[in-house]
Every structure is written in structure tokens, then in C-alpha cells.
Amino acid sequence: RFASLGAWIMTTPSLLSDPTSSLAELTSTGVVLPSGKQATLLLTVPRDCIRDLIREGQADWLAVIAEVGDEKLLPELMRLVTAEAPSAPADGSSGQERNVQAVMSGLQRRNADMKAILQGDHLTSFVQELQDHAGNCATGNILVLWMEWSSEHGRLLHSELFKDKTLAVRAACAGNLEVLKIIDSDGFNVRSKPGGCCSPTPEAMARRKGHQDCIAWFDDLKQYPPPLQFS
């Protein structure tokens with residue numbers, strides 16, 4: 001293990017351009033680092049290195065870490081890739097989506113028991129990052145992606161996500177129609193007030209903010225009975 005992994009990856013073009021070959025090299029004969037040390041497979045990656053890869057949009061390397069990195073890294077990797085976007089302004093949320101999708105691909109190839117890995121404080125802190133995307137129209141698709149992933153893993157995140165009773169109000173306030181649609185279809189009651197008698201319903205919030213696509217969707221929703229509620 002060596003602390004300079006982040007700097008080594010970020011300053012070695014061959015590693016950035018071909019992560020798969022680089023991984024094969026690390027796991028076989030190893031490579032000689034700039035310091036002169038010989039390195040073989042390195043499973044533990046410093047948090048700063050993960051952040052550097054996220055900011056640089058190095059989605060392929062994030063997938064490699066998700067697939068073969070130390071299991072203890074996975075909750076933090078998932079949280080960071082959900083919380084932070086690439087630093088390039090032109091990349092924006094699409095770059096963050098690529099990073100998230102890359103991590104999901106790595107996790108799929110790993111075929112790990114995610115329920116055993118993602119629990120307790122790790123699950124709570126990760127879900128809190130997800131919930132924040134409900135109120136951000138620019139990044140709402142990050143929440144949608146992870147909810148789809150959760151459905152493929154036995155609704156692993158749903159119960160914790162739905163503890164936030166303001167989720168639909170936050171989405172409606174931001175005009176996050178895709179978030180409203182997926183939480184509704186997955187069993188969250190998007191029609192009820194999250195608090196006391198004076199709190200607005202999600203529909204009322206959408207009307208207050210003038211989000212016409214959300215208003216039209218709420219109007220259409222009145223034709224159907226409320227969805228079954230899941231835990």
C-alpha cells in the first residue's frame with residue numbers, strides 16, 4: 001500500500017487511458033513506481049485519490065475500484081460519487097451520471113452481497129446524499145439511477161430513502177418530475193402532506209413554484225387510486 005496512488009494514477013497517462021490493462025499489470029508482475037518501489041495489486045485506495053478520480057471524470061478507474069477495491073471502500077466510494085461531480089464546468093451532471101453508472105457496472109461485475117456491505121451508518125450517510133438530489137433539478141437523475149439500482153437489489157435503499165417524508169415536496173419544489181414519477185411508482189405517497197396541517201402537499205408546492213409539467217402530472221394522477229405503500 002502506498003499513499004501516493006492518487007498522484008501516480010493522475011500523472012501517468014497510460015494508466016488513465018487504459019485502466020483495464022493497468023489493472024492486469026498490477027495484479028500480475030506489478031509495476032515500478034516513481035519512488036522505485038515495486039507494486040502489485042493495491043486494494044486500498046486513499047479517499048483523496050477517489051476524489052481526484054471523480055473530479056477528473058475518470059469513470060473507468062472508478063469502475064475498477066468498485067470491482068476489485070477493498071470491500072471497506074465501497075460505501076465511501078458510493079457516497080462520494082453520489083455527492084461530488086467532475087470539476088469541468090462543461091461536463092456538469094452528465095459527467096456525474098457517467099461516474100455513478102461506472103461504479104454500478106463495477107459493482108455488478110463484483111457480484112458482492114451489497115446488503116451486507118451497505119448497512120448502519122454507511123447506509124444512512126449514503127442515503128442522505130441521495131435525498132439531497134430530490135431537491136436539485138440539475139442532479140435529480142442521480143437519485144433516479146440509484147433507485148433503479150436499489151430495485152434490482154431487493155429495494156436495498158428504498159426503506160431508508162422513504163423515511164424522509166419531505167422527499168416529494170422537495171422534488172416538487174425543484175420541478176423534479178422524474179424523481180416524482182419514480183418515487184410514486186415505487187410506493188411513496190406523493191399526494192400527502194409531509195407534516196402538520198399547515199404544510200403544503202407536493203402538488204401545492206409545484207403549483208406555487210409554477211412547474212407546469214409537474215402540475216399536469218399531478219392533475220393526471222387524480223384519475224388513479226393512490227399506490228400500494230411499501231416499506
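Just after helix 12, Gly-175 takes a positive phi of about 75°. Helices here are DSSP runs of H or I with at least four residues, strands are E runs of at least two, and both are numbered from the N terminus. This is a predicted model, in which local features need pLDDT of at least 70, side-chain atom pairs count only at pLDDT 80 or more, and totals for chains, interfaces and linings use all residues. Residues are numbered from 1 along each chain as its sequence is written, and side-chain values use heavy atoms, with hydrogens and water left out.

Stay with helix 12, residues 167-174. Six of its eight residues are buried, so the rest of the structure largely encloses this helix. Buried means under 20% relative accessible area, exposed means over 50%, and partly exposed lies in between (1.4 Å probe, protein chains only). The buried residues of helix 12 are Leu-167, Ala-168, Val-169, Ala-171, Ala-172 and Ala-174. Their cover includes helix 9 (120-132), helix 11 (158-161) and helix 13 (177-185). Helix 14 (202-209) and helix 15 (212-221) are also among the covering elements.

Helix 13 holds Leu-177. Leu-177 counts as buried, at 13% relative accessibility. Leaving aside neighbours within four places in sequence, Leu-177 is in contact (heavy atoms within 4.5 Å) with Asp-213, Cys-214 and Trp-217. Leu-177 and Trp-217 are 40 residues apart along the chain, yet their C-alpha atoms are separated by 8.2 Å.

Now the aromatic rings. The whole structure contains four aromatic pairs. Rings of Phe, Tyr and Trp (its six-membered ring) pair if their centres lie within 6.5 Å; planes under 30 degrees apart count as stacked, over 60 as edge-to-face, and the rest as tilted. Trp-146 and Trp-149 have ring centres 5.2 Å apart and planes at 85°, so this pair is edge-to-face. Both residues lie in helix 10, three residues apart, about one turn of the helix. An α-helix has 3.6 residues a turn, so residues three or four places apart point the same way. Trp-146 and Trp-149 are both buried. The rings of Phe-162 and Phe-188 also make an edge-to-face pair, because their centres are 5.2 Å apart and their planes stand at 65°. Phe-162 sits in the loop between helix 11 and helix 12, and Phe-188 in the loop between helix 13 and helix 14, so the pair ties together parts 26 residues apart in sequence. Phe-162 is buried, with a relative accessible area of 6%. Phe-188 is buried too, with a relative accessible area of 6%. Phe-126, Trp-146 and Trp-149 form one aromatic cluster.

Trp-149 also lines the largest pocket. Other lining residues include Met-104, Leu-107, Gln-108, Leu-145, Glu-148 and His-153. Helix 7 (92-110) and helix 10 (140-152) each supply at least two residues of this lining. About 230 Å³ of space lies in the pocket.

Finally, the chain as a whole. The secondary structure comes to 15 helices and two strands. Buried residues make up 47% of the 231 residues in the chain. Among contacts between residues at least 6 apart in sequence, 66% join residues at least 24 apart.

Terms used: 1 Å grid on protein atoms, 1.4 Å probe; cavity = no way out; pocket = protein on both sides within 12 Å on 5 of 7 lines; lining within 4 Å. Points joined across faces, edges and corners; volume = space filled by probe spheres on them.
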